[in-house]
Amino acid sequence: MTGWPVLDAAIVGLIGLLIGSFLNVVIHRLPKMMERQWAAECTQYAQEAGLLPAAQPAAVQPAFNLWTPRSRCPHCGHGVSWYENLPVLSWLALRGRCSACKTPIGLRYPMVELATAALFFACAQRWGWSATTVLWCGFCAALVTLTAIDWDTTLLPDDITLPLLWAGLLAALAGLTGVALPDALLGAVAGYLSLWCVYWGFKLATGKEGMGYGDFKLFAALGAWFGWQALVPIILLASVIGAVVGIIMKLSSSLREGRYVPFGPFLAGGGFAALLWGPQALLQGMLSLLGLG
């Protein structure tokens with residue numbers, strides 16, 4: 001702690017930049033790890049059911065997790081050196097291209113790092129050096145990761161949503177979020193059940209699935225962190241922005257196969273807005289935007 005609030009916040013923002021670099025690894029690898037696990041489970045089930053021949057001794061597969069193997073270019077396999085893995089700086093120095101094969105490196109990588117750094121800075125500027133800052137920085141890191149994974153794959157991994165939900169409840173129990181535990185519990189239950197009801201209503205009416213169970217869990221987690229009072233402004237903001245983005249993508253013919261837009265990133269955006277401006281201010285802003293304020 002330096003005694004200079006802005007400098008302290010800048011240090012936390014720098015830490016966020018480094019963590020953002022790791023989040024890029026999580027965003028890329030966690031869905032692949034899940035796919036490998038599902039494939040193994042399906043194969044085992046088929047073998048046990050007699051649908052596939054019994055398992056044969058197989059060569060040991062190389063480890064693949066968040067730590068192993070080291071980062072490589074997905075196009076040419078070039079191992080990324082430490083000096084090529086510095087947040088933002090390396091991307092700029094390499095001009096957004098692999099140093100070996102010159103394949104473009106997505107702009108999303110530095111954007112994730114910068115977004116994480118900005119959110120960490122905002123948390124530190126608000127709460128200083130404290131357990132509360134650490135808590136909300138963890139919340140932001142989880143939402144950034146979920147946003148990118150859901151946008152890429154339409155998956156909201158339980159490995160992130162469920163710990164996020166429990167962390168919100170435990171933080172309320174410890175008095176670190178300013179939300180009373182009964183409000184957090186009610187927020188978690190109402191968040192899950194509200195989207196669960198929307199899901200089944202839409203499915204019964206159309207025969208189609210309008211969202212996934214991960215959306216229920218993410219909304220439940222936001223209810224746990226902000227209390228039931230924040231659910232309406234968060235869902236309003238998420239729905240309005242999601243509808244606008246969906247319309248723009250439809251008009252520009254950029255909708256992906258299946259013509260869907262994942263809802264998780266917009267729920268996460270509502271969570272960020274509630275964090276930065278507060279649920280009440282967010283609600284007032286949404287009502288004014290809709291001409292109801």
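Predicted model: local features only at pLDDT ≥ 70, side-chain atom pairs only at ≥ 80, totals over all residues.
Numbering runs from 1 along each chain as its sequence is written, and side-chain values use heavy atoms, with hydrogens and water left out.

**Stop one: the cysteines**

A disulfide is a covalent bond between the sulfur atoms of two cysteines. Here the term is applied to a pair of cysteine sulfur atoms within 2.5 Å, and by this rule the count is zero. Select Cys123: its nearest cysteine sulfur belongs to Cys140, 3.9 Å away, and Cys123 is in no disulfide. Cys123 counts as buried because its relative accessibility is 2%; buried means under 20% relative accessible area, exposed over 50%, and partly exposed in between, with a 1.4 Å probe and protein chains only.

Now pick Cys137. Its sulfur is 4.4 Å from the closest cysteine sulfur, in Cys123, so the pair is too far apart for a bond. Cys137 also counts as buried, at 6% relative accessibility.

**Stop two: Thr153**

Next, go to helix H4, residues 131-153, and select Thr153. Helices are DSSP runs of H or I with at least four residues, numbered from the N terminus. Thr153 is partly exposed, with a relative accessible area of 27%.

Show its side chain: a polar atom there lies 2.7 Å from the backbone oxygen of Ile149. The Thr153 side chain also reaches the backbone nitrogen of Leu155 at 3.2 Å.

Definitions and conventions:
Helix = DSSP H or I, 4+ residues; strand = E, 2+ residues; numbered from the N terminus. Polar contact = N/O pair within 3.5 Å; in protein donor to acceptor, adjacent residues only side chain to side chain.
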